[in-house]
Amino acid sequence: MEIPSTGADAIDADDVTFVCISCHVGGERHGRNSYSPYFGFYRRDKPVFSSFLPIRATLEVSFKSQLSSAPILVVHLILVDHDTAGGCVELASDFLRPYFPAGGFEFRTVTFDIGNSSKIAKYQAKASAVVQELKSNWTRVVVAMTNHTDNDDGDLFIGYEGKKKTYVSARAHTVLEILLSPWQSVIDGAEESYLWLFACGALINKPIAFGCLQQAVINHHMTATIGFNAVRFQPSFATHLLLAFMELVIIEQLPIRVAFPEMVGQSYKLGRHSDVFLLVPVAPDSLAIKKYSWTHHELRPWGQYLPVQCPDCGWTNAWCTVNTNKNYSFECKNRQCRKEYLFSQPAGSRILLPGRRPGACWISIDLKPTPGIPDDMLVS
């Protein structure tokens, strides 16, 4: 914008208020203000300047976005002996740090091995000491957990029971209760708290394990939880998603449910690897769950996996396809085989913005929540 040279001293006065162009236009769009020229600087709701301020640029961010410098704490909980070299959480923290030149940003990494009662006590004492050291009130708290899962039942690994180097596992609600309890006061004191689960997909693909996870999300009052369902999930694929989260949700303060379509839109390589799940509490004992799937007319029709190889005859690059009313049919090119697949749009799914790759987009599907703990895990 162009500010009159004669008015430079006037806008430095203590009683002058500045209204940015985004707030001005947003107020008009939402009916809070009547349509009027943009003056920018005001004294007791009256323009400081006699003429409007010319704007010489375009708006480059959403009207809903802001730039926040509110204090943020990022905690990365890592399973013992889990190699996270070059991980996305560290990269995302490096991305955030320049936004806080005067402080207000902390990143802590805590390794956990909670395979027996003495190790649990040791971890919780260590985590509690970190919480005491931090002291500050944090407006936003982001907790990331990097872990493995037991592919048979979806339980999370917790470390070693003894000296033998074999992981043991436990139900998700039990693991998260142990890991998050030292941080709960920080989580409860924050305006927003987020949990990122960088773990293999059995945690979500196994119904009992997913129910336990949902119950844990409710119990710990997280603003939102993000998970993945790739059988052998690789956290590096989630780098663009996490960076977009830090920019759109943490810095620009967009609500995560508003920002999420844009977040996944920047992550087509993640979409080829895994679906993404967003769990958001909507009441004291209930959740809203959305599944986001990347779809491509040849690689992942309607978010489903098309085999690289025909399972009947073994041919590769075997498929010829026809699209009829959004139904994709695939047939093996081998005339002695003719194996067929048919893919249709999932019921209740919503097509999001076109993806970064031609012929691709993301879709979202609302899932029915099923929080709960198996009867054999309840303590009377």
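Q: Where is E192 found in this predicted model?
A: In this predicted model, E192 is found in strand β9, which covers residues 192-198.

Q: Why is E192 called partly exposed?
A: E192 has a relative accessible area of 21%. Buried means under 20% and exposed means over 50%, so E192, at 21%, counts as partly exposed.

Q: Which residues does E192 touch, not counting residues up to four places away in sequence?
A: E192 touches T139, R140, V141, T223 and V249. With one of these, V141, the C-alpha to C-alpha distance is 6.5 Å, while E192 and V141 are 51 residues apart in sequence.

Q: What makes F228 and F233 a stacked pair?
A: By the rule for ring pairs, the count comes to 19 aromatic pairs. F228 and F233 form an aromatic pair with 4.4 Å from centre to centre and 10 degrees between the planes. Rings pair if their centres lie within 6.5 Å, and planes under 30 degrees apart count as stacked; the pair of F228 and F233 is therefore stacked.

Q: Why do F228 and F233 count as buried?
A: The relative accessibility of F228 is 1%, and the relative accessible area of F233 is 5%. The cut-off for buried is under 20%, so F228 and F233 are buried.

Q: Why is the pair of Y268 and W294 called tilted?
A: The ring centres of Y268 and W294 are 6.1 Å apart, with the planes at 35 degrees. Stacked requires planes under 30 degrees apart and edge-to-face requires over 60, so the pair of Y268 and W294 is tilted.

Q: What parts does the pair of Y268 and W294 tie together?
A: Y268 lies in helix α10 (residues 268-273) and W294 lies in strand β12 (residues 286-296). The pair therefore ties together parts that are 26 residues apart in sequence.

Q: Is Y268 buried or partly exposed, and which of these words applies to W294?
A: Y268 has a relative accessible area of 22% and W294 has a relative accessibility of 0%. Because buried means under 20%, Y268 is partly exposed, whereas W294 counts as buried.

Q: Which residues do ring pairs link into a cluster?
A: The cluster is made up of Y194, W196, F198, F228, F233 and F245.

Q: How do you know that R300 lies over the face of Y305?
A: R300 is at 4.1 Å from the ring centre of Y305. A charge over a ring must be within 6 Å of the ring centre and within 35 degrees of the ring normal. The charged end of K339 likewise sits over the ring of Y341, 5.2 Å from its centre.

Q: How do helix α2 and helix α8 cross?
A: The axes of α2 (residues 88-96) and α8 (residues 239-251) come within 9 Å and cross at roughly 35 degrees. The crossing is right-handed. Residues of α2 including C88, V89 and F95 meet residues of α8, among them L242, M246 and I250. The residues of this contact divide into 11 nonpolar, one polar and one charged.

Q: Why does S93 count as buried?
A: S93 lies in helix α2, and its relative accessibility is 0%. Buried means under 20%, so S93 counts as buried. Leaving aside neighbours within four places in sequence, S93 is in contact with V74, F105 and F107.

Q: How many helices and strands does the chain have?
A: The chain has 10 helices and 17 strands. Buried residues make up 46% of its 380 residues.

How values were computed:
Residues are numbered from 1 along each chain as its sequence is written. This is a predicted model: local features need pLDDT of at least 70, side-chain atom pairs count only at pLDDT 80 or more; totals for chains, interfaces and linings use all residues. Side-chain values use heavy atoms; hydrogens and water are left out. Rings of Phe, Tyr and Trp (its six-membered ring) pair if their centres lie within 6.5 Å; planes under 30 degrees apart count as stacked, over 60 as edge-to-face and the rest as tilted. Buried means under 20% relative accessible area, exposed over 50%, partly exposed in between (1.4 Å probe, protein chains only). Helices (H or I, at least four residues) and strands (E, at least two) are DSSP runs, numbered from the N terminus. Axes are lines fitted to C-alpha atoms, for helices over the stretch in contact, and angles run from 0 to 180 degrees between N-to-C directions. A crossing is left-handed if the near helix is turned anticlockwise from the far one by less than a right angle, and right-handed if clockwise. Contact means heavy atoms within 4.5 Å. Ala, Val, Leu, Ile, Met, Phe, Trp, Tyr, Cys and Pro count as nonpolar, Asp, Glu, Lys and Arg as charged, and the others, Gly among them, as polar.
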